[in-house]
Amino acid sequence: MEPLSLLTPDAARSLAGVIFDLDDTVLDHGALTEAAYGALFRLREAGLALIACTGRPAGWGEVIQRQWPIDATIAENGAVALVREPAGPIGGAGLHGGPAPADGGGRVVLLGGLDREARRARRDELVALADDMVRRFPAAALADDNDQRVTDVTLDIGEHRRVPPEDVQKMRAELRDRGVRTLVSSVHLHLTRDPSDKATGAVRLLAARFGEDPTRARHRYAFVGDSGNDGVAFAAFALTFGVANVRAHLGKLSVPPRFVAALPMGRGFAEIAHRIVELRKNAPAP
């Protein structure tokens, strides 16, 4: 890992966009600060596409897709994506022809691999398994955002309650034996049958919706994250950044972020954005 001061103008200038996690990366314990929100606008004004990438539910993704200056939202750990219809600035008059901030208009659509009925049937099965886990491990509970989810189910293990790590491991082992894939964030245990992750979900969207070459996209887009739940994305993209609180999770990362900010959470994201924007501003045009 290296400090942001070692990021080069060429690396910053080569970027087409920035993909970023939400919780504890842009958000400070769930709250959006002025510094982080302003950083999004500065990145957009610098000609960069912006894609939020989160384990949070599709319902969250729809709200921020309508209100934030972003081009797309990957939700539920890569299982679904939300975009504006017609396709936003990446495919239109934004990114490569100058900034085109979100205007709050248009229809937000959900993109996913299954039709509504198949998705509901798969999720009903996961809800039953989650209920069984709660009955047997009473320290856990269904997370309060499940009504907004369309593909996975989440248990609260650290947001409003604290579940012993050994209970989390026991639940994951039992769910794995039942053929369920699990992911652990700083606050949730996710139950899913979807094979996607944040990185593949983002690359799939860039290729299918906006015409990016999947291999080139991993070099043209940077990723910003904060935890072990971002490990696949840190390994997948060539240029990666961590806010300062990522240091507490390095033991869970086989590939750490390449550059780390001095500040945590939203202030760290603003620090990263400032460095990228300043280098792009001062670098000669390619």
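Predicted model: local features only at pLDDT ≥ 70, side-chain atom pairs only at ≥ 80, totals over all residues.

**Exercise 1. Find out how strand E13 is covered and which way its side chains point.**

Step 1: Locate E13 at residues 221-225. Five of its five residues are buried, and buried means under 20% relative accessible area.

Step 2: Sort the residues by direction. Tyr221, Phe223 and Gly225 point one way, while Ala222 and Val224 point the other way.

**Exercise 2. Work out which strands pair with E13, and in what sense.**

Step 1: Start with strand E2, residues 17-20, which pairs with E13 in the parallel sense over four bridges. Here isoleucine 19 stands opposite phenylalanine 223.

Step 2: Turn to strand E14, residues 240-242. E14 and E13 also pair in the parallel sense, over three bridges, and valine 224 has phenylalanine 241 as its bridge partner in E14.

Step 3: Follow the chain from E13 through H8 to E14: this β-α-β crossover is right-handed.

**Exercise 3. Describe the largest nonpolar core and name the element that gives the largest share of it.**

Step 1: The core has 34 residues, and Leu7, Phe20, Trp68, Phe241, Phe269 and Ile276 touch the most other members.

Step 2: List the elements that give two or more residues: helix H1 (9-13), E2, helix H2 (34-45), strand E5 (49-53), E13 and helix H9 (265-282).

Step 3: H9 gives the largest share, seven residues.

**Exercise 4. Describe the largest pocket and what lines it.**

Step 1: The largest pocket holds about 580 Å³ of space.

Step 2: Its lining has 27 residues, and Arg172, Leu183, Val184, Ser185 and Lys252 lie nearest the centre. Helix H5 (165-177), strand E11 (181-184) and helix H8 (231-236) each give two or more residues to this lining.

Step 3: By class, the lining has nine nonpolar, eleven polar and seven charged residues.

**Exercise 5. How many cavities of 30 Å³ or more does the whole structure have, and what lines the largest cavity?**

Step 1: The search finds two such cavities.

Step 2: Fifteen residues line the largest cavity, with Asp21, Asp23, Gly55, Ser185 and Asn229 nearest its centre.

Step 3: This lining divides into one nonpolar, eight polar and six charged residues.

Technical notes:
Residues numbered from 1 in each chain as written. Heavy atoms only, no water. 1 Å grid on protein atoms, 1.4 Å probe; cavity = no way out; pocket = protein on both sides within 12 Å on 5 of 7 lines; lining within 4 Å. Points joined across faces, edges and corners; volume = space filled by probe spheres on them. Nonpolar A, V, L, I, M, F, W, Y, C, P; charged D, E, K, R; others polar. Buried < 20%, exposed > 50% of the residue type's maximum accessible area, 1.4 Å probe, protein only. Pairing = 2+ DSSP bridges. Right-handed = clockwise from strand over helix to strand, strands pointing away. Core = buried A, V, L, I, M, F, W, Y, C linked by side-chain atoms within 4.5 Å.
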